[in-house]
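Hello,

I am handing over the structure below for your own use. My notes on what was found in it follow.

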Amino acid sequence: MYQCKDIADEVNNYIDGDLTIGKRIGLFFHLLLCSCCRNYLQQIRSTISIVTVARPKEQNDTDIDTLAKQLHNLCHQEHDHNQI
Ligand SMILES: [Zn+2]
């Protein structure tokens, strides 16, 4: 079973379509169950579109990864989210 921290680790690969089918299904089911991670994924997607417009694509990876984890931590603090 995937947990919220796994979403944070894999979200960039998930968005890029760079995961095995088993992982994609695991993340997909976590997202179905976890509204916090759905909001998080939504935030990442809009962040990526903003950053992609503002910067050359090659420089994105590190920044987005850091930002993704910060956003995720913020989200989980605000909602006091319970992990299974
Ligand atoms: Zn979650």
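This is a predicted model: local features need pLDDT of at least 70, side-chain atom pairs count only at pLDDT 80 or more; totals for chains, interfaces and linings use all residues.

Helix orientation

The crossing in which α1 passes α2 is left-handed. On the α1 side the contact is made by Ile 7, Glu 10 and Tyr 14, and on the α2 side by Lys 23, Arg 24, Leu 27 and His 30. Sorted by class, this contact of α1 with α2 has three nonpolar residues, one polar residue and three charged residues.

Overall make-up

The protein chain has four helices and zero strands, and along the sequence the pattern reads α-α-α-α. Of the 84 residues in the chain, 14% are buried. Taking contacts between residues at least 6 apart in sequence, 66% join residues at least 24 apart.

Helix α2 by itself

From its first C-alpha to its last, α2 reaches 19 Å with 13 residues, close to the 18 Å expected at 1.5 Å a residue. One of the 13 residues of α2 is buried, so this helix lies largely in the open.

α1 against α3

The second pairing to look at is α1 with α3. These two helices pack at an angle of about 35°, and their axes are 11 Å apart. The crossing of α1 and α3 is right-handed. From α1, the residues that make the contact are Cys 4, Ile 7, Val 11 and Ile 15; from α3, they are Cys 36, Cys 37, Tyr 40, Leu 41, Ile 44, Arg 45 and Ile 48. By class, the contact of α1 with α3 divides into ten nonpolar residues, no polar residues and one charged residue. Ile 7 of α1 is listed in the contact with α2 and also in the contact with α3.

Individual residues

Arg 45 sits in helix α3, which spans residues 35–54. Is Arg 45 buried or exposed? Arg 45 counts as exposed because it has 12 C-beta neighbours inside 10 Å, and the cut-off for exposed is 12 or fewer. Along the chain, Arg 45 and Ala 68 are 23 residues apart, and their C-alpha atoms are separated by 9.9 Å.

Asn 12 belongs to helix α1. With 17 other C-beta atoms within 10 Å, Asn 12 is partly exposed. Which residues does Asn 12 touch, not counting residues up to four places away in sequence? They are Ile 64, Asp 65 and Ala 68. Asn 12 and Arg 45 are 33 residues apart in sequence, and in space they are 9.3 Å apart, C-alpha to C-alpha.

Leu 74 is found in helix α4, residues 60–79. Leu 74 has 12 C-beta neighbours inside 10 Å and therefore counts as exposed. The C-alpha atoms of Leu 74 and Tyr 40 are separated by 9.6 Å, with the two residues 34 apart along the chain. Tyr 40 is also one of the α3 residues in the contact with α1.

Regards

Definitions and conventions. Residues are numbered from 1 along each chain as its sequence is written. A crossing is left-handed if the near helix is turned anticlockwise from the far one by less than a right angle, and right-handed if clockwise. Two residues are in contact if their C-beta atoms, placed from the backbone, lie within 7 Å. Ala, Val, Leu, Ile, Met, Phe, Trp, Tyr, Cys and Pro count as nonpolar, Asp, Glu, Lys and Arg as charged, and the others, Gly among them, as polar. A residue is buried if 20 or more other C-beta atoms lie within 10 Å of its own, exposed if 12 or fewer, and partly exposed in between; C-beta atoms are placed from the backbone. The expected span of a helix is 1.5 Å times one less than its number of residues. Axes are lines fitted to C-alpha atoms, for helices over the stretch in contact, and angles run from 0 to 180 degrees between N-to-C directions.
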